[in-house]
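Hello,

Here is the structure I said I would pass on.

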Amino acid sequence: KVLILDFGSQYTQLIARRIRELNVYSEIVPYNKVPELDESIKAVILSGSPFSVREERALHPELEKFIGKRPVLGICYGAQYIAQHFGGRVERSETREYGKANLGKIHKSEGLFAGLEVGSQVWMSHGDTIKAIPEEFELLASTADVEVAAYGSKPGAFDLPVYCIQFHPEVYHSLDGKELLRNFLVDIAGCKCSWTPASFVGETVQALQAKIGEEDRVLLGLSGGVDSSVAAMLLHKAIGERLFCFFIDNGLLRQDEFEQVLKGYEGMGLNVTGIDAKNEFYAALAGVSDPEKKRKAIGKTFIDVFDREAKKLTNIKYLAQGTIYPDVIESVSVHGPSVTIKSHHNVGGLPAKMGLKIVEPLRFLFKDEVRRVGTEMGMADHLIKRHPFPGPGLAIRILGDITPEKVALLQKADAIYINKLREHGLYDQVWQAGTILLPVQSVGVMGDERTYEQAVALRAVNSTDGMTAEWSHLPYEFLAAVSSSIINNVKGINRVVYDISTKPPATIEWE
Ligand code: XMP
């Protein structure tokens, strides 16, 4: 595997993903937590950073732990840090070094730049620039504005080579970025391209079998989403009937979703118990309108129901969860410890309460990899490509307090929207979509009658990970069709609006 040292760049995860697209396994660790180098670690990459190497609070990695011991690639901040460390010069750059540029000169077209052509487009994004490289190094490539676009250790300067580049090969705008990474990983560091969905399934199933005792049983809460479903299928492959799944109807799912999803799961051979706990959730939510309190009430009820049902089973040793890699990466941030904007940890207290050990087969996968693993195991597209749906469900799409009537109203409007997205071939083009019931009444006219009814907002966003999002530019004709269908068919709603806010500063959900 390849270690990626994180200095807090927004691109760090992208480096990891790009490398994995080359079927090489990569892991992100904070810049100051480099593990002992064992045989599995073939190379080390240093990421970019929002910090400047010239600042007092600059981040200092322990270079001696890996330079010369493994092939090293420094990107942006990493490249600048290495330059400064070995006696080169880094200064604030006078020209804007941001955006597309071309490698006007490649001084050494072997090694890192093997196969790349002069003129290759790269993506720059830095405020500092390297003015002089240290003695042990030589210049590798330049652009019109950036003399030191890339440099590397002279042959023999270290036991193993060190390469440094100021542009970002992980960004798609660096058109040969993947080729460059491949040169580094495969030709220079000798990594094998064996990290594939099939190999992941095989290895994970084996590891699960080794970890889980022959008599042990595992319990997993399905949510209807991709992550928990793929986790369930992996465990099912590993331990078969000793996996027990719960799928809880919290009364906050989409229209008919409970029945449909349950059927789908049974079709996959999973051992699933459907639990109707609607009324318990509604009771816990009655009169609660603060979003965080709603989340807490739902989380607590979920734990209660889950725990009670689990007690009916014997020999359960493990609780399985569909946690994925972005949830476990320890982040380095300029803002210090992050503040809670919304608490997404739906069932944080569950494992402790039940006294079970945790098993998380997807802990090291990105979302797109989870999907590929699902497809590899033959799971149906409609499940794999489902939009993300929040744990607290429609409760955070009904502004204010929750009643079963409001849920039913929103479900009807939402079903029209989602079905129309599918009919118009737009469902797979948006990352997530949903309908929000607003606590607003407005005047309308239907026939000769005055109406005074509620409004819904439609939301659709494009995103890669939910951290940032753009509103989807859905066609006007489509929005018109959804609007008239909702107003004509859902009694109680007389107005439909479309949410055109990006995240940030808005969020995807309204609560
Ligand atoms: P926001 O609204 O924070 O949403 O921009 C980002 C992504 O997270 C989902 N989301 C949640 N998921 N529990 C969840 O499991 C929650 O409490 C929660 N709140 C938001 C949201 O649907 C979007 O995909």
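The notes below go through the sheets, then the helix contacts, then a few local features.

One caution before the details: this is a predicted model.

Look next at strand 3 (residues 43–46) and strand 4 (residues 72–75). They pair in the parallel sense, over three bridges.

Another open sheet has five strands, in the order 13-12-11-14-15. Here the pairing is parallel. Strand 13 (272–276) and strand 15 (357–359) are the edge strands, and each pairs on one side only. From one strand to the next, the twist averages 30 degrees.

Strand 12 (residues 243–249) pairs with strand 13 in the parallel sense, over five bridges. Within that pairing, D249 has D276 of strand 13 as its bridge partner.

Two helices to look at here are helix 6 and helix 8:

- Helix 6 (residues 257–267) packs on the sheet and touches strand 11 (217–222), strand 12 and strand 13. Its direction makes about 165 degrees with that of strand 13.
- Helix 8 (residues 291–310) also packs on the sheet, touching strand 11, strand 12, strand 13 and strand 14 (316–320). Its direction makes about 140 degrees with that of strand 12.

**Helix against helix**

Helix 8 has a helix contact too. The axes of helix 7 (residues 278–285) and helix 8 come within 9 Å and cross at roughly 145 degrees. This crossing is right-handed. On the helix 7 side, the contact residues are E280, F281, A284 and L285. They meet K294, A297, I298, T301, F302, V305 and R308 in helix 8. By class, the contact of helix 7 with helix 8 has seven nonpolar, one polar and three charged residues.

Now take helix 5 (residues 226–239) and helix 11 (residues 367–376). Their axes come within 10 Å and cross at roughly 45 degrees. That makes helix 5 oblique to helix 11. The crossing of these two helices is left-handed. Helix 5 contributes V226, D227 and V230, while helix 11 contributes K367, V370, R371, V373 and G374. Four of the residues in this contact are nonpolar, one is polar and three are charged.

Further along are helix 13 (residues 404–423) and helix 14 (residues 476–489). They pack at an angle of about 150 degrees, with their axes 9 Å apart. Angles over 145 degrees count as roughly antiparallel, and that makes helix 13 roughly antiparallel to helix 14. Their crossing is right-handed. From helix 13 come A413, I416, Y417, K420 and L421. From helix 14 come F478, A481, V482, S485, I486 and N489. This contact divides into eight nonpolar, two polar and one charged residue.

**Aromatic rings**

The count of aromatic pairs comes to 19. One of them is worth a look: the rings of F86 and F137. Their centres are 5.8 Å apart and their planes stand at 55 degrees, so the pair is tilted. Where do F86 and F137 lie? F86 is in the loop between helix 2 and strand 5 (89–102), and F137 is in strand 8. The pair therefore ties together parts that are 51 residues apart in sequence.

**Backbone details**

Most peptide bonds are trans, and most residues other than glycine have a negative phi. Three places are worth checking against that.

- K503 and P504 are joined by a cis peptide bond, with omega about -15 degrees. P504 sits in the segment after strand 19 (493–498).
- P504 and P505 are also joined by a cis peptide bond, with omega about 5 degrees. P505 lies in the segment after strand 19.
- N23 has a positive phi, near 65 degrees. Its place is in the loop between helix 1 (12–21) and strand 2.

Best wishes

Methods: Residues numbered from 1 in each chain as written. Predicted model: local features only at pLDDT ≥ 70, side-chain atom pairs only at ≥ 80, totals over all residues. Heavy atoms only, no water. Axes fitted to C-alpha atoms, helices over the stretch in contact; angles between N-to-C directions. Helix = DSSP H or I, 4+ residues; strand = E, 2+ residues; numbered from the N terminus. Parallel < 35°, antiparallel > 145°, perpendicular 65-115°, else oblique. Left-handed = near helix turned anticlockwise from the far one by under 90°. Contact = heavy atoms within 4.5 Å. Nonpolar A, V, L, I, M, F, W, Y, C, P; charged D, E, K, R; others polar. Pairing = 2+ DSSP bridges. Phe/Tyr/Trp six-rings, centres within 6.5 Å; stacked < 30°, edge-to-face > 60°.
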